[in-house]
Amino acid sequence: MFTGIVGEVGKVLLSRPGRLSVAVGEILEGLELGDSISVNGVCLTVNELSAGSFSVDVMEETLSRSNLEKLSVGDRVNLERSMALGGSMGGHLVQGHIDDTGRVASISRSGEATIIRFSAPAGVTRYIVEKGFIAVDGASLTVTARDNESFQISVVDYTRQHTILGEKKVGDEVNLEVDIIAKYVEQFVQGRSSGVTAEFLQEHGFSVS
């Protein structure tokens with residue numbers, strides 16, 4: 001489990017089908033074989049460590065759902081260590097399980113912030129709500145606007161400078177993971193043949209006038 005707070009930006013040393021090596025700095029401290037690490041929002045398992053880098057295997061399913069297959073040597077990637085039990089929650093609960101990819105549709109400035117709109121499949125946008133959370137390449141962000149085909153976020157300069165979001169261009173592909181709470185709510189509601197009724201709300205402590 002992750003929080004969507006990027007700990008470091010690494011650089012790809014090796015990218016071939018099923019294998020990825022990344023050069024890192026401080027995030028390597030205390031990292032051990034078998035640990036989980038988020039690379040552009042994808043939860044991967046460290047299976048090789050060396051001075052200044054780590055390596056992971058990447059399954060075909062992961063490649064088909066993410067942008068990792070398109071990485072080249074020298075590309076920069078967002079990295080986050082898995083959250084320790086009892087650790088601080090700076091962003092939101094991120095599983096590292098990519099739902100789909102989207103693309104940068106537009107980039108503009110608004111005062112000190114960078115406004116980025118992403119196009120996304122309907123299977124993703126259905127779970128996105130204004131002021132809700134979404135992870136883009138592993139970075140926890142707040143949605144400022146959305147429609148059935150896209151969503152918008154506002155990036156402060158600190159986030160832009162300490163993640164790869166500041167390097168994005170129109171047309172770039174990004175990994176998307178929606179807030180897991182939305183999926184649980186949907187499944188719960190669908191599992192009830194009558195849906196959410198007044199009786200259901202009253203039964204669970206809500207006041208219905």
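Trainee: Which residue in β11 stands opposite Ile116?

Mentor: Ile153 in β11 stands opposite Ile116. Keep in mind that this is a predicted model.

Trainee: Okay. How do β8 and β11 pair, and over how many bridges?

Mentor: They run antiparallel, with six bridges. Strand β11 covers residues 150-155. Strand β8 covers residues 113-119.

Trainee: Is β8 mostly covered or mostly open?

Mentor: Mostly covered. Five of the seven residues in β8 are buried.

Trainee: What about β7 and β8, how do those pair?

Mentor: Antiparallel again, this time over seven bridges. Strand β7 spans residues 100-110. Ser108 faces Ile115 in β8, and Arg109 stands opposite Thr114 in β8.

Trainee: And the turn there? How many residues sit between the strands in the hairpin of β7 and β8?

Mentor: Two. One to look at is Gly111, with a positive phi near 65 degrees.

Trainee: Zoom out for me. In what order do the six strands with β7 and β8 close into a barrel?

Mentor: The order is β7-β8-β11-β10-β9-β12, and the pairing is antiparallel. On average, neighbouring strands of this sheet are turned by 45 degrees against each other, ignoring direction.

Trainee: Now the other barrel. Which strands make up the one that starts with β1?

Mentor: Follow β1-β2-β5-β4-β3-β6. Those six strands close up with antiparallel pairing. The twist from one strand to the next averages 45 degrees.

Trainee: Switching to cores. How many residues are in the largest nonpolar core?

Mentor: It has 21. The residues with the most contacts inside this core are Leu20, Val39, Phe54, Leu68 and Leu79. Strands β2, β3, β4, β5 and β6 each give two or more residues.

Trainee: Which element gives the most to this core?

Mentor: That is β4, with three residues.

Trainee: And the second core, how many residues?

Mentor: The second one is separate and has 20 residues, including Ile116, Phe118, Ala120 and Ile128.

Trainee: Why does Ser38 count as buried?

Mentor: Because its relative accessibility is 4%, and the cut-off for buried is under 20%.

Trainee: What does the side chain of Ser38 reach?

Mentor: The backbone nitrogen of Gly41, at 3.2 Å. Beyond four places in sequence, Ser38 touches Phe2, Asn78, Leu79 and Glu80.

Trainee: Is Asn40 buried or exposed?

Mentor: Buried. The relative accessible area of Asn40 is 2%.

Trainee: And how do the strands on either side, β3 and β4, pair?

Mentor: Antiparallel, over four bridges. Val39 stands opposite Val42 in β4.

Trainee: Let's jump to Asp137. What is its phi?

Mentor: Positive, about 50 degrees, and Asp137 is not a glycine either. Asp137 lies in the loop between β9 and β10. These strands cover residues 133-136 and 139-146.

Trainee: Why does Asp137 count as buried?

Mentor: Because its relative accessibility is 0%.

Trainee: Last bit, whole protein. How many helices and strands?

Mentor: Five helices and 12 strands. There are 209 residues, and buried ones make up 42% of them.

Notes
Residues are numbered from 1 along each chain as its sequence is written. This is a predicted model: local features need pLDDT of at least 70, side-chain atom pairs count only at pLDDT 80 or more; totals for chains, interfaces and linings use all residues. Side-chain values use heavy atoms; hydrogens and water are left out. Buried means under 20% relative accessible area, exposed over 50%, partly exposed in between (1.4 Å probe, protein chains only). Two strands pair if DSSP finds at least two bridges between them. Axes are lines fitted to C-alpha atoms, for helices over the stretch in contact, and angles run from 0 to 180 degrees between N-to-C directions. A nonpolar core is a set of buried Ala, Val, Leu, Ile, Met, Phe, Trp, Tyr and Cys residues joined through side-chain atoms within 4.5 Å. A polar contact is a pair of N or O atoms within 3.5 Å; within protein, one must be able to donate a hydrogen and the other to accept it, and residues adjacent in sequence count only if both atoms are side-chain atoms. Contact means heavy atoms within 4.5 Å.
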